Amino acid sequence: MNFGLTEEQELLQETVRGFCEKECPASRLRPLFDAGQGHDPALWKGLGEMGLLGLVVPEAFGGAGLELLDLALVSEVLGQAALPGPFLGHQLVSLAIAGFGSEAQKNAWLPRLASGEAIGSVALAEDAASWEPETWRAVVDGGRVRGAKGFAPHAALADLLLVGVAGGGLVLVERGAAGISITDQGGVDRTRPIARVELDGVACDPIASGAAAARRIRDAGAILLAGDAFGAGWRLLQATLAYTGARQQFGSTLTQFQAVKHQLANMATEIEPTRGLWWYAAHAFDEIPQEAERAAALAKAHVTDRALEVARGAVELHGGIGFTWECDVQIWFKRVMFDRAFLGTPELHRERLARLAGW
């Protein structure tokens, strides 16, 4: 049995990696990070031209019709590049409409989402303790939604928001609808800014299947975050290897010191064994539904936790500069922090794992 990637999947990653290296090198990434907008229209257009924005959209609506594993592999590469943009939220909206939307919703939005003409994002939790669908509190009455959401990535940029509501349901809200207010929250990851969204009787369009759809989208998001964190962790390891291999102390490079060798080895063994967790979770999402929820929770909890340990090691081995704004290590450190916190911390997902196991 082959547990590796297919040639097509390897080519997909190589293609995306080449795009990131060419279009978003450090010389371009740094000004985008400093600006804090988390978006470059040219980069977004490039992702659309490669078909990445519609990767999981059915072919009938202009997408590629691929599975979540393919999308997670792209997330890994985007995490490696710390590519700014609304990719995460956009894909979750596409998955929700493709999997649970009405024909009218599919026809209205999927072609535009697949091309990148319209941008989607999510507004799920009210606060840091309300990531689970059953904890959402926004109320729908008479086709209108009232409530306030926090931590909505790229909300000010989105043409369409997927909003979590009381009872674990999901509704679609269009940008510019009367009664919507969006305020920047000043998130730590400047490649993916977050906002508070206030909804005062805003017209909405419900997604069918209620809590079942919400749990499915929650799991997909957890897997994509795990893939992104894995990619960011590997980038930090590579950057640290390059720095310690060039930096000299007492006439020798840092990599000649045994303590540094041990720490580098520890960083590698923290992140590499987690690859199978998010690969399996992404595979299970489409192919082994009875395992999907558990696998997603495990991947989100463990991969993002280990990636944060790698990030801490990277800061330590970069010495004094590792803590500074001028050092690019902070870009990927903050990327990992977002991946760890968004949709719930590892503690939340481990509690969910325990419940799923009947503990």
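**Ground rules**

I number residues from 1 along each chain as its sequence is written, and side-chain values use heavy atoms, with hydrogens and water left out. Because the model is predicted, local features need pLDDT of at least 70 and side-chain atom pairs count only at pLDDT 80 or more, while totals for chains, interfaces and linings use all residues.

**Entry 1: the sheet**

I looked up the strands first. Helices (H or I, at least four residues) and strands (E, at least two) are DSSP runs, numbered from the N terminus. Two strands pair if DSSP finds at least two bridges between them. I found four strands in an open sheet, in the order 1-4-5-8, with mixed pairing. Strand 1 (120-123) and strand 8 (205-206) are at the edges, with a single partner strand each, so one side of each has no neighbour in the sheet. Strands of a sheet pair through backbone hydrogen bonds, either parallel or antiparallel.

Next I checked the partners of strand 5 (residues 169-174). Strand 4 and strand 5 run antiparallel and are joined by six bridges. In this pair, Gly-164 stands opposite Leu-170 of strand 5. Strand 5 and strand 8 also run antiparallel, joined by two bridges. Here Leu-172 faces Asp-205 in strand 8.

The hairpin of strand 4 and strand 5 has three residues between the strands. Gly-167 in that hairpin takes a positive phi near 90°.

Is strand 5 mostly covered or mostly open? I find it mostly covered, with five of its six residues buried. Buried means under 20% relative accessible area, exposed over 50%, and partly exposed in between (1.4 Å probe, protein chains only).

Helix 5 (residues 87-100) lies across strand 1, strand 4 (160-165) and strand 5. It runs at about 90° to strand 1. Axes are lines fitted to C-alpha atoms, for helices over the stretch in contact, and angles run from 0 to 180 degrees between N-to-C directions.

I picked His-90, which is in helix 5. His-90 has 0% relative accessibility, so it counts as buried. What does His-90 touch, not counting residues up to four places away in sequence? I listed Trp-44, Leu-53, Leu-113, Ala-118, Ile-119, Gly-120 and Ser-121. Contact means heavy atoms within 4.5 Å. Asp-141 is 51 residues from His-90 along the chain, and their C-alpha atoms are separated by 26 Å.

**Entry 2: two packed helices**

Two packed helices are described by the angle between their axes and the distance between the axes. Helix 4 and helix 9 (residues 275-287) pack at about 145°, with axes 8 Å apart. Helix 4 brings Leu-68, Leu-69, Ala-72, Leu-73 and Glu-76 to the contact. I sorted the contact residues into eight nonpolar, one polar and three charged. Ala, Val, Leu, Ile, Met, Phe, Trp, Tyr, Cys and Pro count as nonpolar, Asp, Glu, Lys and Arg as charged, and the others, Gly among them, as polar.

**Entry 3: cavities**

How many cavities of 30 Å³ or more does the structure hold? I found two. A cavity is a set of points, on a 1 Å grid over the protein atoms alone, where a 1.4 Å probe fits but cannot get out; lining residues have an atom within 4 Å of a point. Grid points are joined across faces, edges and corners, and a volume is the space filled by probe spheres set on the points.

The largest cavity has a volume of about 140 Å³. It is lined by 17 residues, and Leu-78, Phe-87, Leu-88, Asp-228 and Arg-335 lie nearest its centre. Its lining has 10 nonpolar, three polar and four charged residues. The second largest cavity holds about 30 Å³. Its lining includes Gly-85, Leu-88, His-154 and Phe-338.

**Entry 4: positive phi**

Most residues other than glycine have a negative phi. I noted Phe-151 in strand 3 (residues 144-153), with a positive phi near 60°. Phe-151 is partly exposed at 24% relative accessible area. Phe-250 has a positive phi near 55° and is exposed at 78%.

Conventions. 1 Å grid on protein atoms, 1.4 Å probe; cavity = no way out; pocket = protein on both sides within 12 Å on 5 of 7 lines; lining within 4 Å.
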